[in-house]
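Visitor: Please show me the structure. I would like to know what stands behind each label.

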Amino acid sequence: MKRRIDPRTEQAVVRTVLWTLTALTVLILVYIIVFILRKGIPALSWEFLSKNPVDMGKAGGIFSTVVGTIALTAGAILIATPLGIGTAIYLTEYTWEGPVTRVIRFGAECLAGIPSIIFGLFGFILFVTKLGFGWSILSGSLTLAFMLLPTIIRTSEEAIKSVPPVYRTVSFSLGSTKWQTVTRVVLPSALPGIMTGVVLSVGRSIGETAAVIFTAGSALRLPTSLFSSSRTMSVHFYILAREGISMPNAYGTAAILIIAILGINILTYYLMNRFIRRYS
Amino acid sequence: MSGAAIEVRGFSQDFGGVRKIHALDLDVHRHEIFGIIGPARSGKSTFLCALNRLNDLVRGSRHEGSIAVDGSDIYAPDVDVVALRRKLGMVFATPVPLPRSIYENVAFGARRAGIHGRDRLDGLVRDSLEKGGLWEEVQDRLGTSALKLSGGQQQRLCVARILAVKPEFILLDEPTSGLDPISTMKIEESLRKLKKDYTIILVTNNTKQAARVADRTAFFLNGGLVEVGPTAKIFTAPDDKRTDDYLRGKFG
């Protein structure tokens with residue numbers, strides 16, 4: 001067969017195209033971040049972070065929404081992580097592959113494809129009205145947890161599956177019980193992968209708006225208990241921008257959101273690297 | 001205690017309906033190195049994994065017949081499998097250090113058995129590494145990753161790791177198949193020393209290795225025992241023609 005293109009030309013073309021695509025991706029990302037930060041940073045100050053919103057958010061800061069975001073996210077992660085990792089451990093370590101595991105996995109995948117606003121509606125009907133939790137941090141956390149569950153199950157499952165099977169055999173042959181094998185050998189090796197899923201979930205729940213606005217409400221007061229209604233930063237941003245209350249404060253909130261997510265990612269990266277070094 | 005350390009009677013093992021071992025009968029004596037030779041898929045490794053019930057972990061595994069260790073049936077319903085596996089330590093064909101430090105690899109089994117306290121563990125780790133013939137090479141870097149050791153060192157680490165669990169038996173599944181001659185020699189040397197404290201079963205693809213270290217040798221073929229006897233006899237005057245053919249390299 002005759003080659004129509006010189007391999008070196010082909011290589012050069014492919015390299016250029018791929019480089020351009022990569023550069024474009026990075027450029028878009030950087031543009032978004034810079035755009036938000038440039039618009040948002042002028043609004044930032046210590047007062048903006050530490051004062052509660054005044055006059056619907058026209059003035060004052062965003063303190064209560066920061067607290068609301070942290071509470072909701074922490075609640076969702078605390079509920080979804082044990083459930084998700086537990087399910088993943090069961091699916092991979094405590095049962096053979098079969099119809100049951102396939103149904104569970106299929107169910108989780110379907111759950112992952114449901115739009116978040118539907119989760120919001122479901123959470124509203126079940127937690128807010130039926131169970132009587134009202135618009136509250138509890139309702140919001142539970143709803144978010146259900147939304148995050150499929151991601152955590154899938155990423156944990158993949159991470160656990162990628163632990164070499166022979167580690168388990170060795171662990172058993174050294175007289176470990178199943179549970180010891182799971183906690184001492186499998187989970188430490190799978191942890192970086194599991195954490196990736198959890199961190200992704202943190203980011204998603206910080207940024208989630210639709211599922212939260214229906215279930216946690218949009219109260220501007222500082223939340224005092226699990227049953228307080230609370231506004232998260234993303235909901236605050238949505239309302240400020242949507243109702244034209246204050247664009248500078250909306251961008252300020254957005255900037256804090258982006259900085260928080262970047263910060264969480266960097267911190268996790270650092271911690272994971274330290275952990276991996278210990279276990280290899 | 002008298003009699004054989006391990007008595008196997010009419011033992012068969014199936015995986016998903018496929019029979020891997022047929023009606024095996026054999027005895028292993030205390031403080032001997034019992035060699036098992038035979039071509040690939042002759043059931044040598046399956047037999048080893050039946051002794052510490054690692055076969056239980058395989059889906060669709062089923063057995064018939066009995067295996068008694070120290071006179072008690074290891075497949076009896078009330079057997080503590082975890083304790084059984086501590087009693088029969090196993091070294092695999094490929095050295096598999098766990099992804100942690102040398103020290104933690106050796107201490108792993110002991111920790112799981114509930115041994116704690118820095119002093120006790122320190123002593124145990126040192127003792128085990130000495131018996132495994134690795135102490136001198138690693139004593140000043142116990143904290144480094146076990147994955148950084150050479151293949152031969154990793155395999156000796158695996159031996160030491162077993163010893164730290166205080167087993168009575170050591171099962172070795174082709175422990176030197178991936179190692180260079182010098183590493184192989186070092187492992188064989190430690191086996192000869194370990195014999196006085198442990199009963200050793202050595203599965204090997206290398207018939208010369210069995211000839212060098214085993215007291216008695218069994219020849220497996222297609223999941224069955226062809227013959228078993230003192231190593232010198234098996235290698236010089238076997239009863240069965242198939243043994244002779246295998247040792248002469250006519251098949252396998």
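What follows is a set of questions on a predicted model, with an answer to each.

Visitor: What makes up the secondary structure of chain A?
Guide: Chain A has eleven helices and two strands. From the N terminus on, the order is α-α-β-β-α-α-α-α-α-α-α-α-α. The C-alpha atoms of chain A fill a box of roughly 65 × 60 × 35 Å along the principal axes.

Visitor: How many of the residues in chain A are buried?
Guide: Of the 280 residues in chain A, 39% are buried. As for contacts in chain A between residues at least 6 apart in sequence, 74% join residues at least 24 apart.

Visitor: Why is A:Tyr269 called partly exposed?
Guide: Count the neighbours. A:Tyr269 has 13 other C-beta atoms within 10 Å. Exposed requires 12 or fewer, and buried requires 20 or more. The count of 13 lies in between, so A:Tyr269 is partly exposed.

Visitor: Where is A:Tyr269 placed?
Guide: A:Tyr269 belongs to helix H11 of chain A, residues 247-278. A:Pro192 is 77 residues away from A:Tyr269 in sequence. In space, their C-alpha atoms are 9.3 Å apart.

Visitor: Why is helix H10 of chain A described as largely enclosed?
Guide: Helix H10 of chain A covers residues 233-242. Seven of its ten residues are buried, so the rest of the structure largely encloses it.

Visitor: Which residues in H10(A) are buried?
Guide: They are A:Met233, A:Ser234, A:Val235, A:His236, A:Phe237, A:Ile239 and A:Leu240. Just after H10(A), A:Gly244 has a positive phi of about 60 degrees.

Visitor: What meets what in the contact of H4(A) with H6(A)?
Guide: H4(A) brings A:Ala108, A:Glu109, A:Leu111 and A:Ala112. H6(A) brings A:Leu149, A:Pro150, A:Thr151, A:Ile153 and A:Arg154. By class, the contact has six nonpolar, one polar and two charged residues.

Visitor: What makes E6 and E10 of chain B the edge strands?
Guide: Strand E6 (88-91) and strand E10 (224-230) of chain B each pair on one side only. The open sheet of six strands has the order E6-E7-E8-E3-E9-E10, with mixed pairing. Neighbouring strands of this sheet are turned by 15 degrees against each other on average, direction ignored.

Visitor: How do you know that E3 and E9 of chain B pair?
Guide: Pairing requires at least two bridges. Four bridges join strand E3 (residues 33-37) to strand E9 (residues 216-221) of chain B, so the two strands pair. They run parallel, and B:Ile37 stands opposite B:Phe219 in E9(B).

Visitor: What does chain A contribute to the side that touches chain B?
Guide: The contact takes 16 residues from chain A and 20 residues from chain B. Helix H7 (165-173) and helix H8 (178-207) of chain A each give two or more residues to the chain A side. H7(A) gives the most, with six residues. By class, the chain A side has eight nonpolar, eight polar and no charged residues.

Key: Residues numbered from 1 in each chain as written. Chains lettered and ligands numbered in written order. Predicted model: local features only at pLDDT ≥ 70, side-chain atom pairs only at ≥ 80, totals over all residues. Contact = placed C-beta atoms within 7 Å. Nonpolar A, V, L, I, M, F, W, Y, C, P; charged D, E, K, R; others polar. Axes fitted to C-alpha atoms, helices over the stretch in contact; angles between N-to-C directions.
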